[in-house]
Amino acid sequence: MTPAPDQRPRLLLVDDEPTNLQVLRHILQADYRLLFATDGERALQVAREQRPDLVLLDIMMPNMDGYAVCRALKADATTAAVPVIFITALTDSQDETAGFDAGAVDYITKPVSPPVVRARVRTHLSLVRMDELRETRLQIVQRLGRAAEYKDNETGMHVIRMSHFAQLLALAAGHSPAWAEDLLNAAPMHDVGKIGIPDAVLRKPGPLDAQEWDTMRRHPEIGAEIIGEHPSGVLQLAREIALAHHEKWDGSGYPRGLAGEAIPVSARIVAVADVFDALTTRRPYKEPWPVQEALDHIAAQAGKHFDPTLVALFAPLLPQLQEIRARWAD
């Protein structure tokens, strides 16, 4: 029977003193797969070939010191994301600053304490795992947005443009860069509920009849069901947007007839961004509107369809909006 592969994280230990490597081996070998190097050049070779999950790196080594090794790791795309912890006898604050400037995530002084080494390694491996999960979740969000595009007549460039418009407007409205970036990543899912709308309705070339329109108006709730309930972050924003981006400031929208600030601000921002791009883009059923006409229409709908405060902030963004339109043209 073939033994199961060893799934423990892999650490690269780098020190020109074999005794120091032995100390680290005894501390870490029970929980991790270990790789070793006694000079900088060999460390870089092993890192590129074996892709460790974390590097424990001495600073004072001949020929190529730890600072140079760390900078080389960070400059190489294959190893740039690997966290580096310096383990060194240097204790001056300037040495620590130099280590962090080189790209290290932590700094442990010799002689090492086994509990400290184990705790620091666990912490930084956990942070790497969290980053991987966050990136995976973001990719799932983006792929679901693409799935909706395949059902609709809109292009992938539409969701990219309107997402960047939304991020720009969020920043202009005073939201934090982190929240605006979450909005950028959530906005592509605004129409994910169209996955649940029959093609005969979604792609009908002419006007929808009353029954077909009732079917179409279900897509916000379908989108919210697809995304599900989440306490925070990108998926929470995505659900808010999917459910409420067709609500209108005066309460005449759907699916719940929300009005004013009862509409989540994420959906209010996306509504402006989405309509602006839809108006200024060619579709099978219409020619693109001139940009100024689209802005005039949005201004005329302030207090009716759109949040008037957001509308007032939107037109002054025209130079940046035009840059986005040029960068991601159909």
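Me: How many of the 5 residues of strand S1 (residues 10-14) are buried?
Reply: This is a predicted model, in which local features need pLDDT of at least 70 and side-chain atom pairs count only at pLDDT 80 or more, while totals for chains, interfaces and linings use all residues. Residues are numbered from 1 along each chain as its sequence is written, and side-chain values use heavy atoms, with hydrogens and water left out. Strands (E, at least two residues) and helices (H or I, at least four) are DSSP runs numbered from the N terminus, and buried means under 20% relative accessible area, exposed over 50%, partly exposed in between, with a 1.4 Å probe and protein chains only. By that rule S1 is mostly covered, and its count of buried residues is 4.

Me: Which hand does the β-α-β unit of S1, H1 and S2 have, right or left?
Reply: To judge the hand, point the strands away from the viewer: a crossover is right-handed if the path from the first strand over the helix to the second runs clockwise. The helix here, H1, covers residues 18-28. The unit made by S1, H1 and S2 is right-handed.

Me: Is glutamine 22 buried, exposed or partly exposed?
Reply: Glutamine 22 lies in helix H1. Its C-alpha atom is separated by 10.0 Å from that of phenylalanine 36, 14 residues apart along the chain. Because its relative accessible area is 38%, glutamine 22 is partly exposed.

Me: Which residue in S3 is the bridge partner of leucine 13?
Reply: S1 and S3 pair in the parallel sense, over 4 bridges. Leucine 13 has its partner in S3, and that partner is leucine 56.

Me: Which residue of S4 does leucine 56 stand opposite?
Reply: Strand S3 (residues 54-57) runs parallel to S4, and 3 bridges join them. The two strands also belong, with helix H3 (residues 66-75), to a right-handed β-α-β unit. In S4, the residue opposite leucine 56 is isoleucine 85.

Me: How many of the 5 residues of S4 (residues 84-88) are buried?
Reply: In a regular strand the side chains alternate between the two faces of the sheet. In S4, Val84, Phe86 and Thr88 on one side and Ile85 and Ile87 on the other are all buried. The number of buried residues in S4 is therefore 5.

Me: Which helix does the chain pass through on its way from S4 to S5?
Reply: S4 and strand S5 (residues 106-109) run parallel and are joined by 4 bridges. Phenylalanine 86 stands opposite tyrosine 107 in S5. The β-α-β crossover from S4 to S5 is right-handed, and its helix, at residues 93-102, is H4.

Me: Is aspartate 58 buried or exposed?
Reply: Aspartate 58 sits in the loop between S3 and H3. UniProt, in an unreviewed entry, places the feature "modified residue: 4-aspartylphosphate" at this residue; UniProt positions follow the numbering used here, feature names are shortened, and annotations may be inferred rather than shown by experiment. Because its relative accessibility is 4%, aspartate 58 counts as buried.

Me: What volume has the second largest cavity?
Reply: On a 1 Å grid over the protein atoms alone, a cavity is a set of points where a 1.4 Å probe fits but cannot get out, a pocket is an open set with protein on both sides within 12 Å along at least five of seven lines, and lining residues have an atom within 4 Å of a point. Grid points are joined across faces, edges and corners, and a volume is the space filled by probe spheres set on the points. There are 2 cavities of 30 Å³ or more. The residues that line the second largest cavity include Trp249, Arg268 and Phe306, and its volume is about 40 Å³.

Me: Which helix gives the most residues to the lining of the second largest pocket?
Reply: This pocket holds about 330 Å³ of space, and of its 17 lining residues the closest to its centre are Asp53, Ala81, Val82, Pro83 and Val128. The helix that gives the most, with 5 residues, spans residues 114-151 and is H5.

Definitions and conventions. Two strands pair if DSSP finds at least two bridges between them.
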